[in-house]
Amino acid sequence: MPSHLYKSKSMFAVLCKKAGLSLKNGEENNEISVDKAVFQKNLSLALKRQEGDIVEVTEEFLEGFGGYIEDMTRFHKSLLSTNTTKDCESARSKVQDSAVRILLGVELLQPSLVKSLLEKLPEFSQDDDNGGERANIPRLLLAQFRWLDFVVDSKALAKMLLELVEATELDVQKEIIGALPSVVDSSDHATVASKLKDLLVSQTQLTVVILDALVCLDLAPEILNQVRGAATRALQSVDAENLPIILKFLLKTASTAELPEVVGEIRSGLDLCSIVKSTKTSAKGSKKASDEGQDCVLLIVDTVQCGIKFQRGIADAWLKTIDVVKEKLSVLDLVVLLILHQTKHCKAVESLLRNKIRSGAVSETLLQKTFSSHSQVVQSKFKAVLSLAEVLLKSPEISLSYIGHVLYRLAFKSLDTFCRQEIVANLVMHLGSGNSEESNASLDVLASLVEQHLDAMAPFAIFFKRLLDFQQQSLPLLGMRKLFGMLARLAFSSGQDPALIQDDLHMVIRKLVSSMDPKYLCRGVVGGVMMVWGMGRISEQRSDMSESQQKEVVSLLTMIRSGSSRRSEAAALFLDELAAMVSHGHLHNKVETWILENMTDMFQENFVVDIEEDNTSVAGIPMSAQFGLNDKEESSIVINLLPLVSKEVMEAKSSASDTPNSQNTVYAVCLSPHFRLVQTGERRTQNGNMEGIDALLGCPLYLPEETVYTKLDSLSEKEKDVLCTALFHCLNWFREILNAFASQTDVEMKGKVIERLHDMTHLMQVLSKCLAANPKYNPSVLGLGGEDVKQPATSGAQKGKAAGEKKKGRKRKRADKENESCAGEADNTQDVTTQGEKDTQAEDEEEKDKSSPDAEDLTAYAHCFRELDLDVFTILHSGPITQASLDTDQHTKRAHQVQIETPQLQFLLEDLVKKLNHSLIASASKRRSFPGKSKSSGKQKFSNLDQQKPHQVARFAVDLLPALSTHLEATSAFFQTLMADNDGMVDGPGSHSPEAVRMATCLHLLLQAFIALFSWNGFALADHRPLLKESLTVLVERVKVTGPTQQSMADLMRGASQYIQKFSETVPSLPAATALVRLLTVLANRAEDDTLQQKLAEMSQKMLQREWLDSKGQREKGAVCNEMLQTLVKTWVVNSADPTQAMHTVVDTGMTQLLQADRNAASDTFPTLTRSSFPVFLRVVLSELVDTAKRVAPLKRSDSRQVC
């Protein structure tokens, strides 16, 4: 409409009108009556026809244009598209470019017009009067320069835009940078990239738009590397929401060869935990801030996942980078492994994760940090978490299985209900696998979940209910105990509807207890006692017990007692289960009182009798009251052991073994379990004071006369069975005596406890001789535990068969030995079977076959002995006790000292090491026996120990450290004195005497106990760091080095290492030397101190340069020796300042000397390097060469291509 036209007499308005452009006042879009190309041509001709200089004409034209756009509305319309008039026939469309863009297409006007337009950008950024419309003008203005048909002066345009970046506000800066790739010419890309690189570092707010622009620029490789370096440095300084853009740029611009380098830089520069923390801090910890942090992490993870999925080579780069790092993994590494596990690289991820767990790079602390701070990320990768947890839980290596346990537990705690249901269902599936180790591991996880998250587990009780139907036959007693314990907690303490499980539990237990099969009867006993524990347990939901509930508990206990009395193994098991339940605590007072009143009073009636002088034999075996420690006034009673044993054995030989007994039958096997229940009740009711039953500590027992053991060959098979069974029961009685009285502080009791320990070691030697003389003895006559007790494979009955099949069974023996390798020897090298190793193995077996000991090894009968409690090891604190202090009346007729001697010390240390290795899981690769191949007949029991948490066991071990250190110093002093007597000779006279051999064994066991404690993976948790510091302080104080009161953890590590290193000069044997090096390795790894590692390498080298002799004075050899040498060689090479030089020394010096020596000789520099140990040295060298090659950093573009 005419009123909307822009009326002006300026050259700009006149020439535009004549050329075909109708300018409006701003209310409507401008109109053009010709095609834009025709308009541009007409305008150019019109400008050239004007009188005067063309420059002045152009300036006058642009002056009119400036007047036109002074009005913001007209300027806005001039940036919008123009409408073609209806009468135009030459135009190509109804809508054409904006008036400004059309004018930019005029060559005469473009340079000046560009300058005029760009000078207005700072004005727009400072003007706040045009509301939302103003915000669009910078973007519209810069859009006019995008993809122009030509640019008269590209360099000037680029320079002007870059200058404007510093002169405008943030929003305009982003618009300018975003427009650069589509405005500047390709010849100016390098200049633009250089400027943007500087801005990337200085102005983090522009990171996203700069990287978006850089991706679109054509850059030379050198410039791209510089830009990528700047982007990498910006990872630690930019805002969290900008990190996904940086990651996308880094991954997208890297070539396949550069990806390992780029991934390594991303890994070192990106910390997911700090992102969440910084987001919370910036928003003062609000829930919104937490959600923002989680969202940022999710975007980062999605960026990495997209790169792995769609870009070739990124997955391999991540795997290689994580594989070669020596430090502990980060949260980002773990998340990336979860992403990779969902791709075709799942097997590689599982293998890599196993190796990292073995090396200690993956810890429980890392998993806790990941699940607590990034639960949304973990939930998005739940399938990978569940799959990895399942794979690790199945592993025969304890450290791997433990991490699988932790994954299940943390996933259940952190994820939603659907994931929890999948976790429980998956664990239940493990129970039906048929693998006992896998079933036990899954039961442990479920038990911990029920204990820690009872209410959350209650909805899934139906899964456990199904287990009652098909797991009764496959689960061992330990598994049944765990299963029924979980069901009892869920049924009686969860606060849910109890009828869901309680009725089924009652029916199953009644069915089992009434069974005539001892296997099912024992399962019913275990399940019934656990149900009693669930019913009588004090919890938050139930602190009192009604009369009806009490009657129900008493009725159930009565039923179990009646049913179990039919079988000796069930009766003993019932008493043990009651004792464990009472000692566990949290039992209602009414239930505990009934048990103690009705079950303990019968002990004296069943097992304690008056001494009768005319009672001198039973079943033709001379007997007497032996091992009495009490005064004559207190020695009128005796434990009636041999008559009970004789009666049981004779009846068992003459009648069917499956015939049930009457309810009033007294079983010898119940002696120790019944006493354990008695002493547990006494301890509970008397606050730990055992004076009420102290007469039993020194009470004698009816046992065969000592002369009987000298005439074993003349005894019948029944009489030999009576002797062996009586000795087993007597040793178990002594073990329970130690359990009851070892923790007492009374001096008289302490002395008697030590004497009982002496009696035990003496009787063990006697039992060993009896078993050797009775090769057909079957431990099943003991009636232990309710499990299937088979004859040990190493008993005399099997020796002849084993000798006859020696050649045929040799390969299987080797396989079994490898599966039962020493705990803590975690070498990831591949096993290379060579002829030298086979010869060494054959020599070992021949030595074993040639040896014919007069005594049977009791290791195979470990399952026949009752478990020692941890309190027993407090005996190690005891010093010499004189007999005078034992007599309360101060009578000193037998004045002599009572103290722990070498046999007793060795006995205690062997059991202590086994317990610590069982409870304190290390990062090292401890292996369970191969599925289906475990020798359960010789497996030691830890049922009482498993009632304690690992941190409680560690606490006890730390309290025991002063005593262990004292014994360590004493054993070391023994060998130091021996060396001094031999003028400094290590292997001089007396070094292979029986006493020296026992002392060497004790030294080795002491070092193993230290290793088991300090390698515990629980020390990595923040909650247990004070305990680690306390343990190190104990060792540091024994060095007596003056220093500040408060020492750092690093100082304590160095002090403890210094204390251990002083024993290196007196180690008498290769096993002790290897244990010493392993202990120092554990401390050095925790300290991460290069100095300690260097000293460790030097010590290992010295150990290899020493000739080691066995207990017979011969050179150490064999497969076990080679395993220890492998540890020493690997420790030396890995911890050397220059591993390559150490490997060169082995090959160039040691192996060269060996090849030049005689067949039976050794290397002069390394006496441990012989023809039999040559494969070990070679294996370590080759393995370390591979690891060294993996750690070589990939070639960077910035590196010189010239090879010097």
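Trainee: How many disulfides does the structure hold?
Mentor: Zero disulfides here. Keep in mind that this is a predicted model.

Trainee: What about Cys724, which cysteine sulfur is nearest to that one?
Mentor: That would be the sulfur of Cys770, 5.2 Å away. A disulfide needs the two sulfur atoms within 2.5 Å, and Cys724 is in no disulfide.

Trainee: Is Cys724 buried or exposed?
Mentor: Cys724 is buried, because its relative accessible area is 1%. Cys296 counts as buried too, at 9% relative accessibility. The cut-off for buried is under 20%.

Trainee: Zooming out, how many helices and strands does the protein chain have?
Mentor: There are 52 helices and 11 strands in the protein chain.

Trainee: And what share of the residues is buried?
Mentor: Buried residues account for 52% of the 1204 residues in the protein chain. As for the accessible surface, the chain has about 55,000 Å², and carbon and sulfur atoms hold 49% of that.

Trainee: What about contacts, how many join residues at least 24 apart?
Mentor: If you take contacts between residues at least 6 apart in sequence, 74% of them join residues at least 24 apart.

Trainee: Switching to rings: how many aromatic pairs are there?
Mentor: The count is 18 aromatic pairs. Take Phe603 and Phe675: their ring centres are 6.1 Å apart and their planes are at 45 degrees, so that pair is tilted.

Trainee: Where in the chain do Phe603 and Phe675 sit?
Mentor: Phe603 is in helix H35 (residues 602-607) and Phe675 is in helix H37 (residues 671-685). They are 72 residues apart, so to speak a link between distant parts of the chain. Both Phe603 and Phe675 are buried.

Trainee: How are the rings of Phe728 and Tyr777 arranged, stacked or tilted?
Mentor: Stacked, because their planes are at 15 degrees, with the centres 6.0 Å apart. The cut-off for stacked is under 30 degrees.

Trainee: What does that pair tie together?
Mentor: Phe728 lies in helix H38 (residues 717-741), while Tyr777 is in the loop between helix H39 (747-773) and helix H40 (796-804), so the pair ties together parts 49 residues apart in sequence. Phe728 is buried, with a relative accessible area of 0%, and Tyr777 counts as buried at 0% relative accessibility.

Trainee: Which residues do ring pairs link into a cluster?
Mentor: Tyr6, Phe12, Phe61, Phe65 and Tyr68.

Trainee: And which residue lies over the face of Phe75?
Mentor: Lys120 does, at 5.7 Å from the ring centre. Arg420 lies over the face of Phe412, at 5.1 Å from the ring centre.

Trainee: New topic: where does Leu905 lie, and what does it touch?
Mentor: Leu905 lies in helix H43 (residues 902-919). Not counting residues up to four places away in sequence, Leu905 touches Leu876, Ile900, His967 and Cys1002. Leu905 is buried, with a relative accessible area of 7%. Between Leu905 and Phe873 there are 9.9 Å from C-alpha to C-alpha, and the two are 32 residues apart in sequence.

Trainee: Last one: what should helix H52 span?
Mentor: Helix H52 (residues 1174-1190) has 17 residues, so at 1.5 Å a residue the helix should span 24 Å. The end C-alpha atoms of H52 are 25 Å apart, which agrees.

Trainee: Which residues in H52 are buried?
Mentor: Among them are Pro1175, Val1176, Phe1177 and Arg1179.

Key
Residues numbered from 1 in each chain as written. Predicted model: local features only at pLDDT ≥ 70, side-chain atom pairs only at ≥ 80, totals over all residues. Heavy atoms only, no water. Buried < 20%, exposed > 50% of the residue type's maximum accessible area, 1.4 Å probe, protein only. Helix = DSSP H or I, 4+ residues; strand = E, 2+ residues; numbered from the N terminus. Contact = heavy atoms within 4.5 Å. Areas by Shrake-Rupley, 256 points an atom, 1.4 Å probe, with all protein chains shown as cover. Phe/Tyr/Trp six-rings, centres within 6.5 Å; stacked < 30°, edge-to-face > 60°. Lys NZ or Arg CZ within 6 Å of the ring centre and 35° of its normal. Expected span 1.5 Å × (residues − 1).
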